[in-house]
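Reader: Hello! Could you help me learn to read a protein model, one feature at a time?

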Amino acid sequence: MKNILKFLCVFISFFVFSQAKSVKKFPIKNAPKATVKKVPAEVKPNPDLVIINQDLPVLIPKKEDGKFGYVNQKGKFIIKPEYHIAVFFYEDCNLLNSPNPKIRQFGTKEYATVEKDMISYRVNKAGKRVYQFKDSDLGKCKFEDYKQQLYQAYVLNGFYGVIEKAKFVNAADYRQYQIYPQYEYLYIMEGDDTADPMIVASHNDMFGVIDVNNKVIIPFEYSNIKRNFSWKLGKMFEVTKDGKNYYYIDARNKTY
């Protein structure tokens with residue numbers, strides 16, 4: 001009986017050993033590495049570009065010690081004053097239509113035009129000069145249809161008023177005037193809202209701003225208000241009280 005058990009043990013051991021040797025080892029192929037897409041880092045908004053008034057630009061040109069930079073809506077300088085000229089962040093149609101496709105990006109409203117040492121640049125909202133103007137880069141502007149103004153200034157007996165051109169017929173009828181002539185000077189600012197334009201006016205040798213209903217928007221306390229594109233581009237007015245130092249105010253007469 002013992003001999004039989006020994007024989008069985010030896011037989012089982014031999015069988016197991018032979019089976020283990022017969023197992024083929026297949027080479028492990030290199031599995032393709034899973035491609036991990038890099039997620040671009042989220043661009044964090046600049047906390048200095050605060051928005052208090054939705055109607056205003058986030059950066060506003062401001063002059064200090066004879067040079068221009070840009071302040072935020074709180075009046076803090078974000079781009080240091082070092083330029084002879086600095087305009088609002090706005091589209092440049094010459095660059096938008098550049099013959100060089102790589103240059104067109106600098107024509108968008110994300111950039112502003114500045115000038116230093118007789119050289120013009122486009123800067124981004126961090127103040128970095130990203131492009132220097134070259135004549136060869138400039139394309140032709142494609143002008144949109146001009147928005148015909150509904151109102152115009154009208155002079156009667158040396159005083160300025162406002163009329164609606166399409167309805168005005170008889171100058172002797174005071175009812176046909178939108179604003180009866182009573183100001184020393186009037187200028188209708190260009191803007192997108194032709195039905196409710198801002199009007200620079202002069203009264204008692206001082207300048208202010210009124211609307212077409214003769215409501216005073218900006219009080220008559222300035223020695224001059226520039227008749228430029230500041231309202232159209234930035235919903236702001238460029239004013240001065242001493243005739244020399246100009247600065248921007250909004251429609252609430254807040255200074256920047």
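Predicted model: local features only at pLDDT ≥ 70, side-chain atom pairs only at ≥ 80, totals over all residues.

Reader: In which strand does T240 lie?

Author: Residues are numbered from 1 along each chain as its sequence is written, and side-chain values use heavy atoms, with hydrogens and water left out. Helices (H or I, at least four residues) and strands (E, at least two) are DSSP runs, numbered from the N terminus. T240 belongs to strand β16, residues 237-240.

Reader: Is T240 buried or exposed?

Author: Buried means under 20% relative accessible area, exposed over 50%, and partly exposed in between (1.4 Å probe, protein chains only). T240 has a relative accessible area of 0%, so T240 is buried.

Reader: Which residues does T240 touch?

Author: Contact means heavy atoms within 4.5 Å. Not counting residues up to four places away in sequence, T240 touches Y222, S223, N224, N245 and Y246.

Reader: How many disulfides does the structure hold?

Author: A disulfide is a covalent bond between the sulfur atoms of two cysteines. Here, a pair of cysteine sulfur atoms within 2.5 Å counts as one. The structure holds 1 disulfide: C93 and C141, with their sulfur atoms 1.7 Å apart. The pair links distant parts of the chain, 48 residues apart, with C93 in helix α2 (residues 93-96) and C141 in the loop between β7 (129-132) and β8 (151-156). The link of C93 and C141 is right-handed, with 70 degrees about the S-S bond.
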